[in-house]
Amino acid sequence: MPQEDGNIVEMHGITKRFPGVLANENVTFCVRSGEIHALLGENGAGKSTLMNILSGLYKPDEGEIFVKGKRIQIGSPRHAIEAGIGMVHQHFRLVENFSVAENITLGMSTPRFLLDMAAIEDEVLALSKEYGLQLDPKAQIWQLSVGEQQRVEIVKMLYRRADVLILDEPTAVLTPQETRELFATLERMKETGRSIIFITHKLEEVMQVADRVTVLRAGRVAATADKTDVTSRQLASLMVGKEYSPTLPGKTALETAPVLTLSDVTAYGDRGTVALDGVSLEVKAGEILGIAGVAGNGQRELTEVITGLRKTTSGTISLLGQDITNRTPLEVINSGVSFVPEDRYGTGMAPNLSLVDNVILKSYRTRIMCKGPFINYDAARRQTQGLVEQFQVKCAGIYSRARLLSGGNAQKLLLGREISSDPKLLIAAYPTRGLDIGAAEAIRSILINQRNQGIAILLISEDLEELMRLSDRIAIMYEGKIMGTLDRDEWDIERIGLLMAGVRDVQHEEALT
Ligand SMILES: Nc1ncnc2c1ncn2[C@@H]1O[C@H](COP(=O)(O)OP(=O)(O)O)[C@@H](O)[C@H]1O
Ligand SMILES: [Mg+2]
């Protein structure tokens, strides 16, 4: 039974199985007339499957569909269009050598020789003008940009009188400019009473353009809500099913001189073998450079040569253009480097000292802490109290011993202490290792925040998912070498994995075989 008068589409209890996969599980999804309804979810959540069912491409295993109050079976895309439902797929279905107008008539039941092409071209032009979808009806598809091809698909659905338009991740192929234009078009379609189902995995887009949102997670509905009733943070949690910190916003790293530069740095490890073998890398202000690699491939030695804990045998390290190769740890700290080491309680903190003493440990040389030769305990107490509050360190009091802190709270205090000295460069080695999800997310948020405030961050982690979420670029280490440095748009798990395994240029290798 349909539930609500204002609904143009209702899908009830939809279940769809593929071999080995439950793509949709008992999904109920309703769309009102004249709304933009976002269908939000991570990759693989089942968004496309659900809409492929609504547009007649797949048959559901269970469930029923009502359109305009009537229960219908949608056996094919043509059925769907007859019911007023049209879908623009992620991969367009246009014929390259046909004109825009010809493509728009493709698949219609009228035989082609009966079509009045000139009249069709006029109508296409009129539609494209009405909705701000600039198009030349006579142009051939192969002449068009991807954005223009998408417009053809949209106009095609408008031409067929679709009053429910499904767009599957339409912005994935668009420039920011084209995305703005598309959103304006969607608004116009809404004004004319049409309903739009807008599939996306991008929160900002939901907040920007949707009236309501349904979140799918692992094939099930996590929630349906009015946009005004939810925050993007809540949506994010619904989407991933756990506490979630925002992913990186667009690149903020300015094209300025790098904060940290390593040129051809070589160093020995503890056992006298080469631990760093000609390492060159750069970290800029406002970027997180992730270091991926199986632990033990030079990551620790890398942090040590930068922080002055290990000598280099050749190469140079500079900070904001100033040579800091083989300086003492204190000199390095004073030049603006903060360090969250992998052994929290060895290099990082003194477990038997109080929180206050641990804060002093790092900052006793800075001015607020010193009155002449004496340590200003009052300032130290205030700073510790401030850190505990700001970073929500749960403790029995600032004079309790550091070793009584849980791993997550110790890490928050340590990171807070390192940040409070206003570093230019922050090195964080395995900062979330061993922490529970909540604490790990808190640490990640702090790192993103610092990055957004313009700190250069070198982040070492074994957790690839973490690195891919937090990094602007990822450098991969293997046997003391940098195997490659990849931008966000260049990396995928497989490529990083191969480089971690010592397989240098994948594409190059493929070309050879
Ligand atoms: N035609 C298909 N055959 C087999 N499995 C599929 C097919 N289409 C989708 N799946 C699987 O169903 C799940 C949901 O996929 P999909 O609906 O494409 O998710 P989304 O669009 O949210 O990224 C995934 O695990 C996917 O691998
Ligand atoms: Mg999809």
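Good morning. I begin with strand 3 and strand 9, which pair in the parallel sense over four bridges. Within that pairing, Leu39 has Thr214 of strand 9 as its bridge partner. Please keep in mind throughout that we are looking at a predicted model.

These two strands belong to an open sheet of six strands, ordered 6-7-8-3-9-10, in which the pairing is mixed. Its edges are formed by strand 6, residues 85–88, and strand 10, residues 220–226, each of which pairs on one side only. On average, neighbouring strands of this sheet are turned by 15 degrees against each other, direction ignored.

Ile85 has Val164 in strand 7 as its bridge partner.

Which residue of the hairpin of strand 9 and strand 10 takes a positive phi? The residue is Ala218, with a phi near 50 degrees, in a hairpin that has two residues between the strands.

Helix 6, residues 176–191, lies across strand 3 (36–40), strand 7 and strand 8 (195–200), and runs at about 150 degrees to strand 8. Helix 8, residues 232–240, also packs on the sheet, where it touches strand 3, strand 9 (212–217) and strand 10. The direction of helix 8 makes about 30 degrees with that of strand 9.

I turn now to ligand 1. The residues around it are Phe18, Val21, Ala23, Gly41, Asn43, Gly44, Ala45, Gly46, Lys47, Ser48 and Thr49. Two elements give two or more residues to this shell, namely strand 2 (21–32) and helix 1 (47–54). Which element gives the most to the shell around ligand 1? That is helix 1, with three residues. Sorted by class, the shell holds four nonpolar, six polar and one charged residues.

Next come the pairings of strand 4. Strand 1, residues 7–18, and strand 4, residues 62–67, pair in the antiparallel sense over five bridges. In this pairing, His12 stands opposite Glu64 of strand 4. Strand 4 also pairs with strand 5, residues 70–72, in the antiparallel sense and over three bridges. Here Val67 stands opposite Lys70 of strand 5. Strand 4 and strand 5 form a hairpin with two residues between them, and Lys68 in the turn has a positive phi of about 50 degrees.

A further open sheet has four strands in the order 12-11-14-15, with antiparallel pairing. Strand 12 (274–283) and strand 15 (322–323) are its edge strands, each pairing on one side only. Strand 15 is joined to strand 14, residues 314–319, by two bridges, and these strands run antiparallel. Leu319 has Gln322 in strand 15 as its bridge partner. Helix 9, residues 299–307, packs on this sheet and touches strand 11 (260–268), strand 12 and strand 14. Its direction makes about 65 degrees with that of strand 12.

I close with two helix pairs. Helix 4, residues 117–130, and helix 5, residues 146–159, pack at an angle of about 110 degrees, with their axes 10 Å apart. The two helices are therefore roughly perpendicular to each other. Helix 4 contributes Glu123, Val124, Leu127 and Ser128 to the contact, and helix 5 contributes Val155, Leu158 and Tyr159. These residues divide into five nonpolar, one polar and one charged.

In the second pair, the axes of helix 13 (residues 377–390) and helix 14 (residues 407–420) come within 10 Å and cross at roughly 120 degrees. That angle makes helix 13 oblique to helix 14. The crossing is right-handed. From helix 13, Gln383, Leu387 and Gln390 meet Leu413, Gly416, Arg417 and Ser420 of helix 14. By class, the residues of this contact are two nonpolar, four polar and one charged.

Thank you for your attention.

Terms used. Residues are numbered from 1 along each chain as its sequence is written. Chains are lettered from A and ligands numbered from 1 in the order in which they are written. This is a predicted model: local features need pLDDT of at least 70, side-chain atom pairs count only at pLDDT 80 or more; totals for chains, interfaces and linings use all residues. Two strands pair if DSSP finds at least two bridges between them. Axes are lines fitted to C-alpha atoms, for helices over the stretch in contact, and angles run from 0 to 180 degrees between N-to-C directions. Two residues are in contact if their C-beta atoms, placed from the backbone, lie within 7 Å. A residue is near a molecule or strand if its C-beta atom, placed from the backbone, lies within 6 Å of it. Ala, Val, Leu, Ile, Met, Phe, Trp, Tyr, Cys and Pro count as nonpolar, Asp, Glu, Lys and Arg as charged, and the others, Gly among them, as polar. Angles under 35 degrees count as roughly parallel, over 145 as roughly antiparallel, 65 to 115 as roughly perpendicular and the rest as oblique. A crossing is left-handed if the near helix is turned anticlockwise from the far one by less than a right angle, and right-handed if clockwise.
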